[in-house]
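Me: I am new to this structure and would like to learn how to read it. Could you take me through a few features, giving the general idea and then the case here?

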Amino acid sequence: MTSTVGTIDPATRRLAIVGGPPAFSEPLHVGRPNIGDRERFLARVNDMIDRRWFTNNGPLVIEFERKVAEVIGVKHCVAMCNATIALEIAIRALELKGEVIMPSYTFVATAHALRWQEITPVFADIDPRTHNIDPASIERLITPRTTGIIGVHVWGRPCDTAALEVVATRHGLKLMYDAAHAFGCSHAGRMIGTFGNCEVLSFHATKFLNSFEGGAVVTNDDALAAALRLMRNFGFEGYDRVVYLGTNGKLTEICAAMGLTSLESMDNIVATNKRNCDEYRKGLAGLPGVTMISHNSAERNNYQYVVVEVSPGAAPLTRDELVAVLHAENVLARKYFWPGCHRMEPYRSLQPNAELLLSETERLAARVIVLPTGQALASDSIQVICATIRSALLQPDAIRHALVPARRAGD
Ligand code: T4K
């Protein structure tokens, strides 16, 4: 996508929110899919059609599982149709019940995967430095009904796995991770996907590595992997023999074809994402109250999310005002994971005072902006986005003034 700014100096042009033309003629989305070699994908699909084998543990799914497990260095990869179903199946295979402790600061799928099975998610607060569950906040939430902990590696940055392991072991709890954002990332020299009882990956279109829709549970536990495989295929063990309660969580062959093709481009996608991150970091440097999250360069990162925090008071505009500025320019920045699962239904009604224990979650959810990145984004677009933010922060009064009629219309 090229900008409409053209030869106009992006630093001095009139912002769309105060009456200028939008910087981009088409929307710039967060979560544009990264795409591998189209010819390789189409060749795989042609073979698949010739084979007439479309789903039910076909050869492409088996190859995809083997390659994902190889990248992570884990014994088992059980591919699923998406990460939400993978979470549900993993939760059931681990025999979690009663209450499970997890962060509220995550995509709602993590909580829904529990509640869908009549398990109560109990929301723990986060560490504001990592955006991940704070191990110190967990112990006071443990009750006789608690059976497990789900950590989420938000933005692909790792949870404090060592501290979570200590709490889980001390209380005899199962420990699993929602690693939907974290394929290709490492922690303490080990790939994410090897921690806890198991970890769940997402290969959704918006993820670092996509298979259109897709997910997987990865684990080193042989018995757990066997249970997961049965559960994702109705509990069938061979023809006509059902030995387990199961569902349909299978990944299709065409999705595996996309996943395999994406895997072949993994290094290129990381390089593009890293370049975009560096470009944003340069463009946003020195802006008052605006900070971009960092990555530990000693580890492997997928750099899939460009996440900015806007500090109230220190920044001349609020997060929501800046998002309005960006949307007016056709930059569809997102407020992930606002307002937090605890403020969404059915959790809001079930635990109406949950926020009393979630002060860091509340603070963070009101500060975060996720910006577009990925292969679809041109480097000059990043410069325009950064210049827009810079320019907006220099004219807070004009922007607030422009937003008043919009607020009134929204009343
Ligand atoms: N755990 C965590 C921590 C997660 O973040 C997620 C999913 C899950 C579990 C569950 O994984 P899956 O069951 O999905 O495998 C999007 C994604 O749909 C969701 O997968 C993702 N997290 C979440 C963070 O983002 P929405 O509600 O924001 O989707 P939507 O439709 O607004 O799309 C996001 C943006 O992506 C849009 O701006 C448009 C763009 N887009 C999307 C699709 C599907 C495209 O450009 N092309 C596309 O094909 O949830």
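Me: How far is a nitrogen atom of the ligand from an N or O atom in the side chain of Asp178?

Reply: A polar contact is a pair of N or O atoms within 3.5 Å; within protein, one must be able to donate a hydrogen and the other to accept it, and residues adjacent in sequence count only if both atoms are side-chain atoms. In this predicted model, the distance to Asp178 is 2.6 Å, while ligand oxygen atoms lie 2.8 Å from an N or O atom in the side chain of Arg334 and 3.3 Å from one in that of His204. Local features need pLDDT of at least 70, side-chain atom pairs count only at pLDDT 80 or more, and totals for chains, interfaces and linings use all residues. Residues are numbered from 1 along each chain as its sequence is written, and side-chain values use heavy atoms, with hydrogens and water left out.

Me: In which order do the strands of the open sheet run?

Reply: Strands of a sheet pair through backbone hydrogen bonds, either parallel or antiparallel. Two strands pair if DSSP finds at least two bridges between them, and strands (E, at least two residues) and helices (H or I, at least four) are DSSP runs, numbered from the N terminus. Here the three strands have the order β11-β12-β14, with antiparallel pairing, and the edge strands, each pairing on one side only, are β11 (290-292) and β14 (368-371). Strand β12 (residues 306-310) is joined to β14 by four bridges, and Val306 has Leu371 as its bridge partner in β14.
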